[in-house]
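Subject: Two-chain model for you to look at

Hi there,

Here is the structure I promised to pass on. Could you load it next to this message and follow along as you read?

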Amino acid sequence: MSRPPLRPPLLGRLLLWLRPLGEHRCEVEDDLRELFERRSRDCGHRYASWRYCVDAMSLWRWAPSASRPHLEWPGVAGMRDDVTFAVRMFARQPVSVGITIAGLALAIALGTAISRLLNAMALRGPGVADPASLYSITVHNLDMPRLTGGTSATSGNWASQDYEVLGRAVTSVPLAAAVSVPERVSFRRADAGQRDEFITAVPVSGSFFRVLGARTSLGRTLTPENDQPGATAVVCLSHSFWTTGLAQDPDVVGSTIWLDDHPYTVVEVLDRGFRGLDPSPPALWVPFGIQAELWKARQVARAAAAGAEIAALRRQPALTPVQRARLDALQSELTSPPPRWGQPVTVVGRIEDGVSSQQVQAEVSSIAHALASERGQPGDRVPTVLVTPIASAGFSPELRVATATTMAVIALLVFLGCSNVANLLLANAAGRRREIGTRLALGASHGRIVRQLLTESLLLGSAAGVAGFVLATWLTPALARLLHLPPLIDFAPDLRVYVFAVGVTLLAGAFAGIAPARYGRCGDLLGALQAGRMGAPGALAPMRLRTVLVGAQAAGSILLLVLAALFARSVVQATSFELGFDPDRLLTVSVPFSRGYDSSRMLTYWEVALDRVRDVPGVSSAALVALPPFGGAHARQALTTSEGAARQYVLRNEVTAEYFEAFGIPVLRGARSLRRRSESMRRWR
Amino acid sequence: MKGEHLGEFEELTLLAVCAVGRDAYAVPVQEYAERASGRSVSMGAVCAALDRLERKGFLQSSVGEPTRQPGGKRKRFYIVTPLGMRTLREVRRVRERIWRAIQAER
């Protein structure tokens with residue numbers, strides 16, 4: 001029969017218990033007990049008891065240091081223990097923990113992916129320096145010369161010829177300009193045999209990158225000297241195009257690329273994040289001057305080729321209708337004055353300190369008025385110049401509403417994921433009441449219990465956050481493709497996205513852990529130790545909270561379903577919207593002509609194409625239209641009645657005679673008084 | 001404060017930590033010091049000396065793993081720092097110099 005363990009004397013234990021030892025208590029008690037047991041074994045119980053009391057009394061002369069030079073920071077050891085314990089506990093139930101992490105990770109991944117899209121499209125700036133000092137300078141009601149003759153009124157943009165005047169005359173601010181509509185150009189590298197692909201290019205002024213403060217990734221930035229007549233044809237690449245189209249070739253600067261069969265030298269690769277003035281960056285930028293020079297050279301070449309073709313046609317004994325139309329078009333082209341290169345451009349200026357936007361507006365307005373009077377614009381139509389900050393121009397009230405709505409949906413998604421995690425942890429805490437009660441009985445404080453439970457939920461949240469962030473790197477491009485977003489936008493995460501992801505993760509973890517931590521720290525030891533027995537006190541509290549969480553999840557899910565149903569309804573309504581024409585069995589074809597096709601070649605192409613399409617079995621009618629419906633483009637035309645009443649502007653389009661029949665648009669009144677097909681096609685752009 | 005002189009009992013405690021070597025915690029240090037000095041050494045004195053030596057930078061402590069016995073507690077182990085070793089050697093040199101001088105006079 002074993003002897004019961006010897007106990008230290010009561011006096012010694014009392015002396016020890018009364019002495020405040022703080023964090024040293026456990027180790028001191030343990031050391032004294034060990035010494036007592038050894039002395040009892042070696043020297044007897046009485047000696048051991050006496051020495052125990054002496055040692056306990058000697059501890060009263062010791063003043064333990066308040067902070068010992070530990071090898072680890074205070075609290076870290078405790079946190080490390082919490083994490084270790086949490087990992088061991090999760091390892092015992094891998095399936096449920098895995099499912100919970102997966103659910104929360106999916107919510108975080110969706111939220112992060114949507115935030116990356118939103119950040120790239122709306123929140124991240126255009127990648128310019130000091131966007132607050134950049135202003136957009138627009139003009140309205142100024143007659144702008146058109147490429148094919150005549151004028152049209154501006155509605156914001158300037159004519160490129162007018163920008164040249166502005167650039168020379170304006171002294172209060174440095175100006176820059178970019179063509180408003182990106183051009184499609186054929187692209188290939190100097191490698192022989194490579195197939196051309198079509199990319200977007202934006203002609204810009206030589207001061208464009210300097211005024212916008214764009215940073216350079218490779219090479220040197222464009223200068224006004226590159227924009228002068230006779231300068232070398234150079235091009236600046238966007239970072240997205242350099243990455244996706246040129247595989248981040250480190251030797252691209254100084255190399256030659258071919259745009260519309262003309263060689264250009266690459267001088268610069270712009271910094272990541274710079275996208276110019278449009279939400280979606282083009283593939284590259286070229287100087288105005290180069291485009292104007294090339295345009296002039298093409299005009300000369302076309303004139304020579306047209307002359308040769310006219311001579312060849314005239315030598316024919318008999319001409320087909322197509323050949324006759326071609327001859328008429330060539331002769332008309334040669335007799336008309338060659339148009340100057342001109343495009344609508346967006347003008348921006350950087351207003352420095354000491355200059356106000358009103359000063360700039362006044363200066364530019366006076367130039368606009370001078371241009372208007374030079375063109376004989378009527379006095380009742382006064383051009384209006386507006387100077388507005390670019391920073392506010394992009395984030396419109398509609399975009400704010402859309403952003404707020406999207407963030408609310410993200411918050412709802414993450415809330416659903418967190419509720420799921422909270423439910424799991426609450427069930428876990430309810431099952432651990434006996435463990436928690438035992439820990440409380442052993443002297444653990446409520447704060448210590450709360451810290452343990454919060455550590456577990458933060459660990460779950462962190463694991464879900466990491467998994468969600470990794471999932472978002474795949475989800476983001478997939479969503480961008482699904483939404484048909486421009487391909488060259490850089491969706492890479494920046495500080496804003498990282499902060500959002502970390503913030504959502506921590507919030508999710510903390511939110512999921514609040515309920516079980518608040519419930520688990522309850523100090524009802526008897527109830528905790530009696531947990532699981534029928535009628536045990538406090539057994540109903542976690543059930544109510546779990547019911548609330550399940551109800552919240554159901555409510556959130558129903559709300560999302562309702563939103564989805566409303567969205568689907570809007571889509572259905574949009575598809576059944578009265579279009580004004582019959583889309584049934586209506587097909588449209590567009591051809592991206594390269595620079596090798598001048599207007600007369602395009603005219604001939606379309607004439608031949610139209611005849612051939614009409615001959616296709618099953619085609620009841622075919623027509624040509626310059627601006628198809630819902631194509632995103634429109635043109636304005638000044639209109640005055642025969643009585644010379646006030647001039648107004650209307651939207652106009654150019655069509656062939658069969659347009660209304662082909663589109664199923666009923667004509668209510670009058671004959672279809674359209675121009676002859678050849679005349680309408682002569683004004684084709 | 002680091003780098004102060006060693007007191008007699010501090011020197012004894014530091015030597016005991018050195019002699020115990022690995023797994024030097026309060027109990028084996030107290031037993032060794034008591035055995036080596038031939039006098040009674042209380043736990044309070046040992047704890048105080050260990051604390052002072054650690055504050056002076058002669059010792060470094062760490063909390064180890066719990067002992068394998070049922071209900072085993074985590075113990076605080078001590079090792080002598082390089083500063084502590086240098087100080088012990090210096091004290092030993094001083095004592096030997098004085099003894100050589102005493103023997104030379106005689």
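This is a predicted model: local features need pLDDT of at least 70, side-chain atom pairs count only at pLDDT 80 or more; totals for chains, interfaces and linings use all residues.

Chain A has 685 residues, and 41% of them count as buried. Its secondary structure comprises 21 helices and 15 strands. For chain B the figures are 106 residues with 42% buried, and 4 helices with 2 strands. Read from the N terminus, the elements of chain B follow the order α-α-α-β-β-α.

I also looked at contacts between residues at least 6 apart in sequence. In chain A, 76% of these join residues at least 24 apart; in chain B, the share is 54%.

**Where the chains meet**

Chain A brings 21 residues to the contact and chain B brings 24. About 2100 Å² is buried between them, with carbon and sulfur atoms giving 48% of that area. On the polar side, there are 10 residue pairs in polar contact between the chains, counting pairs with both residues at pLDDT 80 or more. On chain A, the elements that give two or more residues to the side touching chain B are helix H2 (25–43) and helix H3 (45–58). H2(A) supplies the largest share, 8 residues. By type, that side of chain A divides into 10 charged, 8 nonpolar and 3 polar residues.

The salt bridges between chain A and chain B number 6. One example is Arg76(B) with Glu27(A), whose closest N and O atoms are 3.3 Å apart.

Where does Gln30(B) lie? It is part of helix H2 of chain B, residues 26–37. Gln30(B) has a relative accessible area of 0%, so this residue counts as buried. Its side chain reaches the backbone oxygen of Val41(B) at 2.6 Å. Setting aside neighbours within four places in sequence, Gln30(B) is in contact with Leu35(A), Arg39(A) and Arg51(A) on chain A, and with Val41(B), Met43(B) and Val46(B) on chain B.

**Nonpolar cores**

The largest nonpolar core holds 36 residues, and Leu14(B), Val17(B) and Leu59(B) have the most contacts inside it. Both chains take part: the elements giving two or more residues to this core are H2 and H3 of chain A, along with H1 (8–20), H2, H3 (43–56), strand E2 (74–80) and H4 (82–105) of chain B. H3(B) gives the most, with 7 residues.

Leaving out neighbours within four places in sequence, its contacts are Leu6(B), Leu53(B), Phe58(B), Leu59(B), Val80(B), Gly84(B) and Leu88(B). A second, separate core has 33 residues, among them Val414(A), Leu460(A), Ile489(A) and Phe500(A).

**Salt bridges within the chains**

Over all chains, the structure holds 21 salt bridges. In chain A, Arg614(A) pairs with Asp611(A), with the closest N and O atoms 3.5 Å apart. These two are 3 residues apart in helix H19 (residues 599–614), so about one helical turn separates them.

In chain B, Arg39(B) and Glu8(B) meet in a salt bridge at 3.6 Å, N to O. That pair links distant parts of the chain, 31 residues apart: Arg39(B) is in the loop between H2 and H3, and Glu8(B) is in helix H1.

Glu10(B) and Arg52(B) form another salt bridge, with 2.7 Å between the closest N and O atoms. Because Glu10(B) lies in helix H1 and Arg52(B) in helix H3, the pair ties together parts 42 residues apart in sequence.

**Two backbone angles to check**

Ala247(A) has a positive phi near 55° without being a glycine. This residue sits in the loop between helix H8 (239–244) and strand E9 (256–259) of chain A, and is exposed at 64% relative accessibility. Asp23(B), also not a glycine, has a positive phi of about 55°. Asp23(B) is in the loop between H1 and H2 of chain B and is partly exposed, at 49%.

Happy to talk any of this over.

Best wishes

Note on methods: Residues are numbered from 1 along each chain as its sequence is written. Chains are lettered from A and ligands numbered from 1 in the order in which they are written. Side-chain values use heavy atoms; hydrogens and water are left out. Buried means under 20% relative accessible area, exposed over 50%, partly exposed in between (1.4 Å probe, protein chains only). A polar contact is a pair of N or O atoms within 3.5 Å; within protein, one must be able to donate a hydrogen and the other to accept it, and residues adjacent in sequence count only if both atoms are side-chain atoms. Contact means heavy atoms within 4.5 Å. Buried area is the accessible area (1.4 Å probe) that two parts lose on being put together, summed over both. A salt bridge is a side-chain nitrogen of Lys or Arg within 4 Å of a carboxyl oxygen of Asp or Glu. Ala, Val, Leu, Ile, Met, Phe, Trp, Tyr, Cys and Pro count as nonpolar, Asp, Glu, Lys and Arg as charged, and the others, Gly among them, as polar. A nonpolar core is a set of buried Ala, Val, Leu, Ile, Met, Phe, Trp, Tyr and Cys residues joined through side-chain atoms within 4.5 Å.
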